[in-house]
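Hi everyone, thanks for coming. I'd like to walk you through one model this morning, so please have a look at the screen.

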Amino acid sequence: MKTKNILLSAVAFAGALGTASVAKADDSAQCRVTQVLAKKDGDGTVPRNLKFIESELTSDQFAAYKSFELLDAKDYKLDLNVDKKQRMKTGHSLGLKLLGVTGSKLKVNVSVFSAKQKQLLSTAYSIENKGLVLLAGYKHADGKLIFAVQCQKR
Amino acid sequence: MNRSSQEQLEHDLHAYFDGELDDATATQFESELAEHPALKARFEDLQFLRSVVGKTLESAGEQVDAARFEQAWDAFDAHLDREARLKHAVAEPPVSIWGRVSAFIKTPVAWGVGGAAAAAAVVFLVVGPGAGPSNTQMADASDQPAPNAKADEPEADAAPSLAPSPTHVADAESPKAPDAMTEFPLPEANNADVEIVDFAGHSGRISHIDGKHGTTTVIWVQEDDESVDSERSL
């Protein structure tokens, strides 16, 4: 009886592991990268198409920048451990890779490349579903680029 | 020759040399020159000096670039003209506003503007006010949002095909029209746990913004070691 209980527990535990593995293989996410040009001249108004990050753009972090312009936006459909890379209108490229999904958190790797395809940044972070990360400081024209990376579970 | 007469002769010599003596005095001095060889020698010395200095100045003048000379002369001339205009401006009484208006009316420009305004008035009277947009139409037009060069949903460009990386790389997203981009929820709970960051040789830092969406992580890259304008540097 005791042996039977142990065997049943072991099978149940193995089954749970297998279920988790299958779930991991199906992990996928949807991300949007918004490319913003921040310039030091302007009246400080955030355009309507950037209202979703207005509180961030008008924070002290970006106090030096008085105008913001949406340059480009790209959607990414990410499958687990699959690199996706897209080029923006400025020539910069962003690579995204879903590293895993744990509960409500997504683990993502983001790489930024210059117009000459020189890597400028590579980072891996965990973030809540629908969370937003800003990658800023990339020189372009007479301003700086900000990439708003937002991902949600699919 | 006593001292005072010597001084007088010296004075007369220079005056004679400069042509400042009247005819009678000059004639008298010329007889003095004939009687005093030393005085005549002094006079000849002065003549020699004059010729040498004169030739030197002429030679120096010939070396000046003609164009440079013209330029300098033009600048001097312009300066004189400016001074003259200033003097006249001060001398003339200020012109009244009516004087200026009457002067403007006499110009062809004023006639042209007046003619155009008269023609427009005639057209308006003949055709009537009904030709233009109505007040309600104009109000409706003003209520419409101004056309925005950028759509609310950003356009998606065609993504280039990608070279394979060590992990399997799928093709890039196919291009989408702006309206076809999926709705994306507003950001929430943005605090990220950054596990790895590689600034690829550049300077960088991680900071946070406390805002509407909780704490938002900002990863700054500093290209070319330029100073970063941020709250820390303000």
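**Salt bridges, sheets and confidence**

Let me start with one residue: A:Arg154 is partly exposed, with a relative accessible area of 48%. On that scale, buried means under 20% relative accessible area, exposed means over 50%, and partly exposed is in between, using a 1.4 Å probe and protein chains only.

Some housekeeping. This is a predicted model, where local features need pLDDT of at least 70, side-chain atom pairs count only at pLDDT 80 or more, and totals for chains, interfaces and linings use all residues. Residues are numbered from 1 along each chain as its sequence is written, chains are lettered from A and ligands numbered from 1 in the order in which they are written, and side-chain values use heavy atoms, with hydrogens and water left out.

Back to A:Arg154. What does it pair with? A:Arg154 forms a salt bridge with A:Asp79, with the closest N and O atoms 3.2 Å apart. A salt bridge here is a side-chain nitrogen of Lys or Arg within 4 Å of a carboxyl oxygen of Asp or Glu. The two residues are 75 apart in the chain: A:Asp79 belongs to strand 2 of chain A, while A:Arg154 is in the segment after strand 8 (143-153) of chain A. Helices (H or I, at least four residues) and strands (E, at least two) are DSSP runs, numbered from the N terminus. A:Asp79 counts as partly exposed, at 39% relative accessibility.

By this rule there are eight salt bridges over all chains. Another one joins A:Asp75 to A:Arg32, at 2.7 Å from N to O. That pair ties strand 2 of chain A to strand 1 of chain A across 43 residues, and both A:Asp75 and A:Arg32 are buried. In chain B, B:Glu10 meets B:Arg42 at 2.2 Å, N to O. B:Glu10 is in helix 1 (residues 3-17) of chain B and B:Arg42 in helix 3 (residues 37-63) of chain B, 32 residues apart.

Now the sheets. Two strands pair if DSSP finds at least two bridges between them. An open sheet of six strands with mixed pairing runs in the order 2(A)-1(A)-8(A)-7(A)-3(B)-2(B). Strand 2 (67-79) of chain A and strand 2 (203-211) of chain B stand at the edges with a single partner strand each, so one side of each has no neighbour in the sheet. Strand 1 (residues 28-39) of chain A pairs antiparallel with strand 2 of chain A over 12 bridges, and A:Lys39 stands opposite A:Ser67.

What about strand 6 (residues 119-128) of chain A? Eight of its 10 residues are buried, so strand 6 is largely enclosed by the rest of the structure. Nine bridges join strand 6 of chain A to strand 5 (residues 105-113) of chain A, running antiparallel. These two form a hairpin with five residues between them, and A:Gln117 in the turn has a positive phi of about 65°. Strand 6 of chain A also pairs antiparallel with strand 1 of chain B through five bridges, where A:Tyr125 partners B:Val194.

Finally, confidence. The predictor gives the complex an ipTM of 0.85 and a pTM of 0.49. Chain B averages a pLDDT (the predictor's confidence in each residue, from 0 to 100) of 71. Over residues 132-180 of chain B the pLDDT is below 50. Where pLDDT is low, the predicted coordinates should not be read in detail.

Terms used. Contact means heavy atoms within 4.5 Å.
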